[in-house]
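Please read the points below alongside the sequence and the model. They take the helices, then the sheet, then a few single residues.

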Amino acid sequence: MASTTTRLRRLVSDELGECRDADLDRRLAELDDLADSAFADDSARPVFAVLGDETRYRLARVLAAADDELCVCELEPLVEVSESAVSHALSDLVDAGLVRRRKDGNWRYYDATELTESLLAAADREVTDS
């Protein structure tokens, strides 16, 4: 924390021409308010957290690209993990609202939600445009 406040003190000093303790305290309070505001409604966090895992990301990507729903047995060879790991990853994606699940007898089918397709499309556009 000391090096963080030292750097912040230098920034405030560069901006104001000097930096008193009150200036630093004021900026720290502003940053605390910003953090409180940014995390007040953190409902999107599970979406990004679940996509941070390589297997779940790949499953979401494949399901978004697929023309139709896919079964676990079709997804397993695409991510090279066990069927159990695929099922667990898909369950996490369902819980985050990124994938829909449909049961038909002994089979479970999965499909990407509009949220998944929109997020991936937006990310692709931004990466391609930059």
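**Notes on the helices and the sheet**

1. Helix α4 covers residues 54-65 and helix α5 residues 72-79; their axes come within 10 Å and cross at roughly 120°. Axes here are lines fitted to C-alpha atoms, for helices over the stretch in contact, with angles from 0 to 180 degrees between N-to-C directions. Helices (H or I, at least four residues) and strands (E, at least two) are DSSP runs, numbered from the N terminus.

2. A word on the basis of these notes: this is a predicted model, in which local features need pLDDT of at least 70 and side-chain atom pairs count only at pLDDT 80 or more, while totals for chains, interfaces and linings use all residues. Residues are numbered from 1 along each chain as its sequence is written, and side-chain values use heavy atoms, with hydrogens and water left out.

3. On the α4 side the contact (heavy atoms within 4.5 Å) is made by Thr55, Arg58, Leu59, Val62 and Leu63, and on the α5 side by Leu75, Leu78 and Val79. By class, this contact of α4 with α5 has six nonpolar, one polar and one charged residues. Ala, Val, Leu, Ile, Met, Phe, Trp, Tyr, Cys and Pro count as nonpolar, Asp, Glu, Lys and Arg as charged, and the others, Gly among them, as polar.

4. How do α4 and α6 cross? Their axes come within 9 Å, at roughly 75°, which makes α4 roughly perpendicular to α6. Thr55, Arg56, Leu59, Ala60 and Leu63 of α4 meet Val86, Ala89, Leu90, Asp92 and Leu93 of α6. Seven nonpolar, one polar and two charged residues make up the contact of α4 with α6.

5. The axes of α5 and α6 come within 9 Å and cross at roughly 105°, so α5 is roughly perpendicular to α6. Val72, Leu75, Glu76 and Val79 of α5 make this contact with Glu83, Val86, Ser87 and Leu90 of α6. By class, the contact of α5 with α6 has five nonpolar, one polar and two charged residues.

6. The sheet is open and has three strands in the order β1-β3-β2, with antiparallel pairing. Two strands pair if DSSP finds at least two bridges between them. The edge strands, each pairing on one side only, are β1 (70-71) and β2 (99-104). Helix α6, residues 83-95, lies across β2 and β3 and runs at about 120° to β2.

7. Leucine 70 stands opposite tyrosine 110, and cysteine 71 stands opposite tyrosine 109.

8. Strands β2 and β3 run antiparallel and are joined by six bridges. Tyrosine 109 of β3 is the bridge partner of arginine 102, and tryptophan 107 of β3 is that of aspartate 104. The hairpin of β2 and β3 has two residues between the strands, and in this hairpin glycine 105 takes a positive phi near 65°.

9. Glutamate 80 lies in the loop between α5 and α6. Its phi is near 55°, a positive value in a residue other than glycine. Is glutamate 80 buried or exposed? Glutamate 80 counts as exposed because its relative accessibility is 73% (buried means under 20% relative accessible area, exposed over 50%, partly exposed in between, with a 1.4 Å probe and protein chains only).

10. Aspartate 14 belongs to helix α1, residues 2-16. With a relative accessible area of 68%, aspartate 14 is exposed. Aspartate 14 and leucine 93 are 79 residues apart in sequence and 46 Å apart in space, C-alpha to C-alpha.

Notes:
Parallel < 35°, antiparallel > 145°, perpendicular 65-115°, else oblique.
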